[in-house]
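Trainee: I keep meeting labels for parts of a protein model. Can we check some of them against their cut-offs?

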Amino acid sequence: MRSVRSGSVEAASSRTPSVPASSGPATDRRAQATRDRKIGAVDWIARGVAGLLLVATSACAGPGTLTPAAGTGVVGPGAAAASATATASADSTPLDPDTTPGVDAPGIGAPHQQPAFASKALAVLATLPVKGRAPKTGYSRDQFGPAWSDVDHNGCDTRNDVLRRDLKSVALKPGTRDCVVLSGVLNDPYTAAVINFLRGNATSTAVQIDHVVALSDAWQKGAQQLSPGQRLSFANDPLNLLAVDGPANQSKSDGDAATWLPPNKAYRCDYVARQISVKSSYGLWVTQAEHDAMARVLSDCPNALAPTNQPATAPAQAAPAQQPAQQPAQQPVPAQVQMAPAPAPAAGVYYANCTAVRAAGAAPIHVGQPGYSSKLDRDGDGVGCE
């Protein structure tokens, strides 16, 4: 019998060994075994070659064309690249968008007036109802309208309004009507740190705008009963907003006074007093644990005042004799209530622009009121800085 050359599948499969014609049963069995061994070897070689061809074909297919078998959990290069792109896109969403969300919601404004000027925070706290936390069912950020909407119609989004108010040494972007803040310095109330703010996708998060009463907390303590316009006002109300250290804001999350207080202990009285003023203005309640935490903080500063945008209507020494703070918890929350115009400033006051009017708490300013001028009333309807 001639030998079969190594690697030649065709030659190995086509040759059959010669068997003597007069072979007996034993001879037949030996011949059959020989044939079985040769066929087995050929089959093994053929399968190996087929495997090599499959590997070669896959290698030539190029990256991004592999299709994983179902259930293997293997992701091909193309899918991995798409996932990485999606992640990068999500991470690069700017905190400071270039567009200002417009609003068209009726009934914008707090359902109640802010606490009267010079009201003590402890006195206002006593007017807040104490209830259990309502279910969070149905809550989403969208329940409070588009983020940082231009509620006061000054052409700037709320985030930039608060940055301009709270930062020092502010640099504004040209061509934005003194709206967009490019940089500034924040004396952070929550940590007492000095933070240099620089606008940008990778840097804006250093300074964040905190809802002093968190939206989720408000939702569970009465905001579900507010109208969409009132919730929009709540999310953009300057009384409820502070520019603060980004990590501190993240640490707070949606905590109330019972679960989170600013690390800067010197600011805790002001912080709690502001929460009380906001909850009073929007008819929200507090839990028992929250009430007790607020009372403990204010026990160190019993004369702390509830902040308000309303200007003084009497000399400071006469403030205690003023009418006590309203009790919003005992009043039904109207579906749509506009804020009453703020009292006019003292006679002889001159306002350079609407920003000064708002800072004084006198917006909108009506014709005949001290400080009114036609330059503040762009549409000539007798009401300036609307």
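This is a predicted model: local features need pLDDT of at least 70, side-chain atom pairs count only at pLDDT 80 or more; totals for chains, interfaces and linings use all residues.

Trainee: Why are C156 and C179 called a disulfide?

Mentor: The cut-off is a pair of cysteine sulfur atoms within 2.5 Å. Those of C156 and C179 are 2.4 Å apart. So the pair qualifies. C156 lies in the loop between helix 4 and helix 5, and C179 in the loop between strand 1 and strand 2, so the pair ties together parts 23 residues apart in sequence.

Trainee: How many disulfides does this rule give?

Mentor: Three. C269 and C301 have sulfur atoms 1.9 Å apart. For C354 and C385, the value is 2.1 Å. In sequence order, the bonded cysteines pair 1-2, 3-4, 5-6.

Trainee: What makes the disulfide of C354 and C385 left-handed?

Mentor: The torsion about its S-S bond is about -90°, so the disulfide is left-handed.

Trainee: How do you know whether C269 is buried or exposed?

Mentor: Buried means under 20% relative accessible area. C269 has 19%, so C269 is buried. C385, with 5%, is buried too.

Trainee: Which residue caps the N-terminal end of helix 5?

Mentor: D157 does. One of its side-chain oxygens lies 3.1 Å from the backbone nitrogen of R159.

Key:
Residues are numbered from 1 along each chain as its sequence is written. Side-chain values use heavy atoms; hydrogens and water are left out. A polar contact is a pair of N or O atoms within 3.5 Å; within protein, one must be able to donate a hydrogen and the other to accept it, and residues adjacent in sequence count only if both atoms are side-chain atoms. Helices (H or I, at least four residues) and strands (E, at least two) are DSSP runs, numbered from the N terminus. Buried means under 20% relative accessible area, exposed over 50%, partly exposed in between (1.4 Å probe, protein chains only).
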